[in-house]
Amino acid sequence: MQNKVYYKYKQVYDYLLHWIKEQSFSSLSKIPSENMLCKKFNVSRHTVRKATDRLKKEGYIKRVRGSGTFVNKASVISDELLNTAAKRKVAVVMQGQDRNANSSLLRGLKSAFANEDISLQVFFTDNLLVNERQCLEYIQSQPFCGIIVDGVKANLINPNKDYYERISEKKIPIVFYNNYYPHLPYPRVIVNDKLAAKSLMKLLLENGHKNIAGLFVFDNYQSIEKYNGYISAILNSDMQFHDDFIKWSISDEAHKPKFLNEIVKFLKGIPQCTAIVCCNYMLLKHVINAAKKLSKRIPEDYSVVCFDYSAQDYDKSGISCSVHPGFQIGVEAARQMLRCIKHGTLSSHATVIDPEIYYGNSVAKIKE
């Protein structure tokens with residue numbers, strides 16, 4: 001019995017320690033609640049408090065009366081520095097909002113680096129430029145041998161260019177994946193989103209859809225490429241483009257639950273709409289929930305396609321989509337990094353991954 005109790009306490013402790021270290025450069029600073037931890041691990045409050053008491057004693061967290069328990073970020077960062085392994089370390093700077101995509105990417109990186117005596121340290125930006133700056137400030141002061149980055153709001157001017165230049169001056173290679181800054185001359189790994197758009201739009205057009213709505217985010221480089229593919233398909237089919245069929249948002253708000261109401265309002269304003277293009281998996285989830293609120297069925301009332309479906313159940317969901325190639329992106333980003341470490345930075349070299357299209361049952365044929 002005593003071993004079983006210890007195992008449960010250690011489970012909670014290990015989970016929180018991993019979570020804390022992952023969030024050390026994120027804007028998230030309040031640790032998961034006792035209620036959440038009790039439910040997640042099916043343990044008592046006593047067990048959870050035993051784990052948090054140890055973390056507090058070790059300096060990883062601090063309790064603020066009346067507010068909650070928070071990450072002691074200065075202590076966590078210091079601990080990471082003191083416990084740096086003898087291996088070469090590569091920093092991975094992720095947006096952090098799509099956990100499915102993050103997990104696949106990290107598996108790809110670890111697979112490609114497995115025999116290279118390289119360890120990874122992960123940083124999350126929450127897609128905020130101020131967090132990206134904090135990450136870069138720390139990274140450039142430490143002995144990292146390379147940085148793999150998913151750019152923040154990469155379609156806008158980046159105020160952190162100075163830190164990227166400082167890192168380059170130290171001969172530390174930088175490789176971007178997904179979102180990159182066009183004005184920075186670094187290698188990158190991207191998906192051919194225009195080709196994905198061509199395939200998904202072709203599916204809708206061949207099934208007779210002419211009133212096709214699109215949900216895109218304007219500060220995301222990937223999303224703009226998808227939008228360009230969407231527009232090209234409409235123009236090449238001699239259809240008329242309608243501004244009110246496009247729902248623009250910024251990437252921050254698209255990840256918030258309340259954005260669902262915005263999509264409901266948008267769809268109500270275009271009753272002639274028969275099909276919807278979602279530029280990422282998070283927006284797809286909003287659209288599915290919006291259809292339910294409007295008592296609409298997929299695909300009978302709305303045919304739906306999605307870019308970058310990042311969950312593992314794409315074949316069970318039935319949603320026609322481009323499958324997010326997170327593992328492949330990770331492998332290619334690691335290969336780029338290894339080439340840079342061994343031969344010097346390959347300026348602006350791009351690895352372009354062709355999309356994998358899954359044809360599900362989420363598109364209905366328009367009856368004449």
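A crossing of two helices is called left-handed if the near helix is turned anticlockwise from the far one by less than a right angle, and right-handed if it is turned clockwise. In this structure, the crossing of H6 and H7 is left-handed. The model is predicted, so local features need pLDDT of at least 70 and side-chain atom pairs count only at pLDDT 80 or more, while totals for chains, interfaces and linings use all residues. Residues are numbered from 1 along each chain as its sequence is written, and side-chain values use heavy atoms, with hydrogens and water left out. Helices (H or I, at least four residues) and strands (E, at least two) are DSSP runs, numbered from the N terminus.

**Helix pairs**

- Helix H6 (residues 129-140) packs with helix H7 (residues 161-169) at an angle of about 20 degrees, their axes being 10 Å apart; axes are lines fitted to C-alpha atoms, for helices over the stretch in contact, and angles run from 0 to 180 degrees between N-to-C directions.
- H6 and H7 are therefore roughly parallel to each other, where angles under 35 degrees count as roughly parallel, over 145 as roughly antiparallel, 65 to 115 as roughly perpendicular and the rest as oblique.
- On the H6 side, Glu132, Arg133, Leu136, Glu137 and Gln140 meet Asp162, Tyr163, Tyr164 and Ile167 of H7, and contact here means heavy atoms within 4.5 Å.
- The residues of this contact of H6 with H7 divide into four nonpolar, one polar and four charged, with Ala, Val, Leu, Ile, Met, Phe, Trp, Tyr, Cys and Pro counted as nonpolar, Asp, Glu, Lys and Arg as charged, and the others, Gly among them, as polar.
- Helix H11 (residues 259-268) and H12 pack at an angle of about 60 degrees with their axes 9 Å apart, and they are therefore oblique to each other.
- H11 passes H12 in a right-handed crossing, and the residues that make the contact include Phe259, Leu260 and Leu267 of H11 and Leu283, His286 and Lys293 of H12.
- By class, the contact of H11 with H12 has eight nonpolar, three polar and one charged residues.
- The axes of H8 and H9 come within 8 Å and cross at roughly 40 degrees, which makes H8 oblique to H9.
- The crossing of H8 and H9 is right-handed, and among the residues in contact are Ala197, Met201 and Leu205 of H8 and Tyr230, Ala233 and Ile234 of H9.

**Nonpolar cores**

- The largest nonpolar core has 53 residues, of which Tyr230, Leu267, Ile276 and Val277 touch the most other members; such a core is a set of buried Ala, Val, Leu, Ile, Met, Phe, Trp, Tyr and Cys residues joined through side-chain atoms within 4.5 Å.
- Among the elements that each supply at least two residues of this core are helix H8 (193-206), helix H9 (221-236), strand S10 (275-278) and strand S12 (320-323), while H12 gives the most, with seven residues.
- Leaving aside its neighbours within four places in sequence, leucine 267 is in contact with Ile276, Ala290, Leu294 and Tyr302.
- A second, separate core of 24 residues includes Val93, Tyr138, Tyr163 and Tyr164.

- Valine 305 lies in strand S11, and at 0% relative accessibility it counts as buried, where buried means under 20% relative accessible area, exposed over 50% and partly exposed in between (1.4 Å probe, protein chains only).
- The C-alpha atoms of valine 305 and cysteine 278 are separated by 6.3 Å, although the two residues are 27 residues apart along the chain.
- Isoleucine 319 is found in the loop between helix H13 (314-317) and S12, and at 6% relative accessibility isoleucine 319 counts as buried.
- Isoleucine 319 and valine 363 are 44 residues apart in sequence and 8.1 Å apart in space, C-alpha to C-alpha.

**Backbone features in loops**

- The peptide bond from isoleucine 298 to proline 299 is cis, with omega near 10 degrees, and proline 299 lies in the loop between helix H12 (281-293) and strand S11 (303-309).
- Aspartate 117, in the loop between helix H5 (99-113) and strand S4 (118-124), has a phi near 55 degrees, a positive value in a residue other than glycine, and at 48% relative accessibility aspartate 117 counts as partly exposed.
- Asparagine 127 has a positive phi of about 60 degrees although it is not a glycine; its place is in the loop between S4 and H6, and at 2% relative accessibility asparagine 127 counts as buried.
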